[in-house]
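Please read the following report alongside the sequence and the structure shown here.

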Amino acid sequence: MRFHNTLTKKKEEFEPLHPGKVGMYVCGPTVYDYAHIGNLRAYVFSDTIRRLLEHDGYEVRLIKNITDVGHLTEDDLAQGDSGEDKIERRAAVEKKSPEEIARFYEDAFHHDEDALNIIPAQFFPRATAHIPLMIRMIETLIARGHAYEVNGNVFYDVTSFPNYGKLSGNTLEKLKTGARLEEHPDKRNPWDFALWLHAPKEHLMKWLSPWGEGYPGWHIECSAMSLEYLGDTLDIHTGGEDHIFPHHEAEIAQSEGTTGKPFARFFMHERHIQVDGEKMSKSKGNFYTLADITAKGFSPMDLRLLYLSAHYGSQMNFTWDSLSQASKNRKTFFSLYERLSENKETTGSDSTIEPRKAFLEAMRDDLNTPLALSALLGFAKKINATIDAGETFDAHAALGFLDEAFRLFGLRFETKIVSDDVQRLIARREEARKAKDFVLSDKLRDEIAALGVSVKDSVSVKDLPAGFTARKKMGA
Ligand code: AMP
Ligand code: ZN
C-alpha cells in the first residue's frame with residue numbers, strides 16, 4: 001500500500017519498521033468542549049488507515065492522547081507561550097474545576113468515537129497523568145543543549161536543531177524573513193517554543209518541577225507519551241493539517257533531540273472541513289457537533305460516509321445536501337446487506353464481485369476512499385439489477401465482499417432500516433429526553449411504536465450507581 005508522507009511530500013510504499021507490526025500515534029482531542037465534525041474527520045481518517053492495515057494483516061498498536069493540560073488559546077498563532085489554558089478558561093466559564101471539565105468532555109469524545117464506530121485506541125494516555133515523563137524529557141533536552149531555563153520557564157532552542165522545518169518547510173531562514181512573532185521576554189529567539197511554563201499564583205493546574213511550580217507546553221506531551229508507549233521511532237503519525245506547524249514540527253525537534261533517532265517514518269495529515277468556505281472552528285463558532293447531525297435525523301454512519309466521499313488530503317465543504325447524499329448511499333448499502341442476507345444462494349457466477357479489485361486497489365492507493373466508494377456503489381447497482389432480473393449469482397461471495405467493505409469503511413450495520421419519518425421522531429424524542437420532558441418523550445415513543453418500531457433506552461455505565469460494574473449490567 002502507498003501513503004502520502006508529509007515529510008517527503010510524496011506517495012511512498014508503506015512498510016513498517018518491524019515486520020507485521022505498526023506503531024501509530026494519533027494526536028487526540030483537547031477536552032474543553034464537544035468535538036466538532038471537523039475534529040471527528042481527523043479521527044475517522046486515522047481509523048480508516050488502521051482498518052486498512054488490519055485488513056491487510058498488520059498488528060496495529062494505536063495510541064491517542066487526551067490533552068487535558070497545556071493547550072493554550074494562542075498555540076496556533078505563536079509558539080506555545082501565550083494565551084490561557086483552554087481547559088482552565090472553560091472551567092471558569094462553567095464554574096467547574098479543570099478536572100471536571102476534562103473528564104466530562106473526554107467522556108463525550110469517547111461517546112462520539114463509539115457512535116462513529118471508531119475502533120478504540122489501545123490506550124488513551126492523559127497528559128496530566130504523564131507529567132513526570134515530560135519533566136524527564138525536558139531535563140534530557142537541557143542536558144543535550146536543546147533547551148534552556150529562564151525564570152522558571154523552559155524553552156526549546158530551535159537553533160540547536162538543524163533539521164527544524166523539515167516537515168513544514170518553516171526553516172529558520174524562512175521564519176526569520178516572515179512575520180515577527182510576539183516575543184516572550186525570556187526567549188533567546190522568537191521562534192523558540194515553550195516546554196515548561198512558570199505558573200502564576202492563580203493558575204490552577206500546576207506541578208512541582210526542577211524549575212519551580214509550573215505546567216507543560218502543549219507539544220511535549222505527545223513526544224513524551226509516544227516515546228513511552230511506542231518507542232523511539234513510530235511508523236505513522238497522524239493529525240489535522242493545522243498540526244503540521246507548529247505542533248508536529250516541535251514534536252520532531254523534541255523527540256529527535258532526545259533520542260537522536262528518527263521520530264516518525266510517515267506523517268499523514270487530513271485537510272480541514274470548511275463551512276461556507278471558512279474553516280470550521282470552535283473559535284469562529286461556525287461548527288457542528290455529532291449531536292447536531294443526529295438531531296436532524298441523520299445517522300452517524302451518514303457522516304462517516306460523507307467523510308469517505310472526499311479524499312482526506314483534500315479540503316471538504318460541509319453542506320446538508322452532501323450529508324443527505326451520503327445518507328442515501330448508506331441506505332443503499334444497508335438495504336443491499338439485508339437483501340443479500342436473505343438470499344444466500346451460492347450456485348451462480350461470482351462475477352458480481354469484480355468491483356472488489358478496484359475497491360481494494362483504491363483503498364491501498366493512499367486511501368482513495370471516493371474511488372472505493374464509487375466501486376462499491378457500482379457493485380450495489382449491479383447486484384440489485386441481477387436480483388431484480390431473477391438471475392443467479394454467488395450471493396455468498398457478494399455478501400462476503402459487502403462485509404469486507406463495511407469493515408474497511410467502518411460502517412456499522414444497523415439491523416432495522418427506519419424511514420426518514422421514524423428517524424425524525426427518534427431525533428425529536430432524544431431532544432425531549434435531554435430536556436427531561438418525559439411526557440413529550442413518552443408521547444413520541446407511542447407515535448414511533450405506531451409506525452412499527454420499538455425504541456429501547458439503554459443505561460450507560462456512568463449512570464449506574466457506584467460499585468455496579470459493566471459485568472453486572474450485562475448479567476454476568
Ligand atoms: P483539537 O481537539 O483542537 O486538538 O483538534 C483535534 C483534531 O481536529 C486535530 O487533528 C485538528 O487538526 C483537527 N481539526 C481541527 N479543526 C478541523 C477542521 N475544521 N476540519 C478537520 N479537522 C480539524
Ligand atoms: Zn500531538
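In the classes used here, Ala, Val, Leu, Ile, Met, Phe, Trp, Tyr, Cys and Pro count as nonpolar, Asp, Glu, Lys and Arg as charged, and the others, Gly among them, as polar. By these classes, the shell around ligand 1 divides into five nonpolar, 10 polar and four charged residues. The model is predicted, with local features needing pLDDT of at least 70 and side-chain atom pairs pLDDT 80 or more, while totals for chains, interfaces and linings use all residues. Residues are numbered from 1 along each chain as its sequence is written, chains are lettered from A and ligands numbered from 1 in the order in which they are written, and side-chain values use heavy atoms, with hydrogens and water left out.

**The ligand site**

Ligand 1 is surrounded by 19 residues, the closest being Gly38, Asp242, Glu270, Ile273 and Met280; a residue is near a molecule if one of its heavy atoms lies within 4 Å of it. The table gives polar contacts, that is, pairs of N or O atoms within 3.5 Å.

| Protein atom | Atom of ligand 1 | Distance |
|---|---|---|
| Gly38, backbone N or O | nitrogen | 2.9 Å |
| Gly240, backbone N or O | oxygen | 3.1 Å |
| Asp242, side-chain N or O | oxygen | 2.3 Å |

Of the 500 Å² of accessible area that ligand 1 has on its own, the protein covers 94%, with areas taken from the Shrake-Rupley method with a 1.4 Å probe. Helix 1 (37-55) and strand 10 (234-240) are the elements that give two or more residues to the shell around ligand 1, and helix 1 provides its largest share, four residues. Helices (H or I, at least four residues) and strands (E, at least two) are DSSP runs, numbered from the N terminus.

**Rings and backbone**

There are 25 aromatic pairs in the structure, where rings of Phe, Tyr and Trp (its six-membered ring) pair if their centres lie within 6.5 Å, and planes under 30 degrees apart count as stacked, over 60 as edge-to-face and the rest as tilted. The pair of Phe3 and Phe14 is tilted, because the ring centres are 5.6 Å apart and the planes stand at 50 degrees.

Phe245 and Pro246 are joined by a cis peptide bond with omega of about 5 degrees, and Pro246 belongs to helix 7 (residues 244-259). Asn151, although not a glycine, has a positive phi of about 55 degrees.

Technical notes: A polar contact is a pair of N or O atoms within 3.5 Å; within protein, one must be able to donate a hydrogen and the other to accept it, and residues adjacent in sequence count only if both atoms are side-chain atoms.
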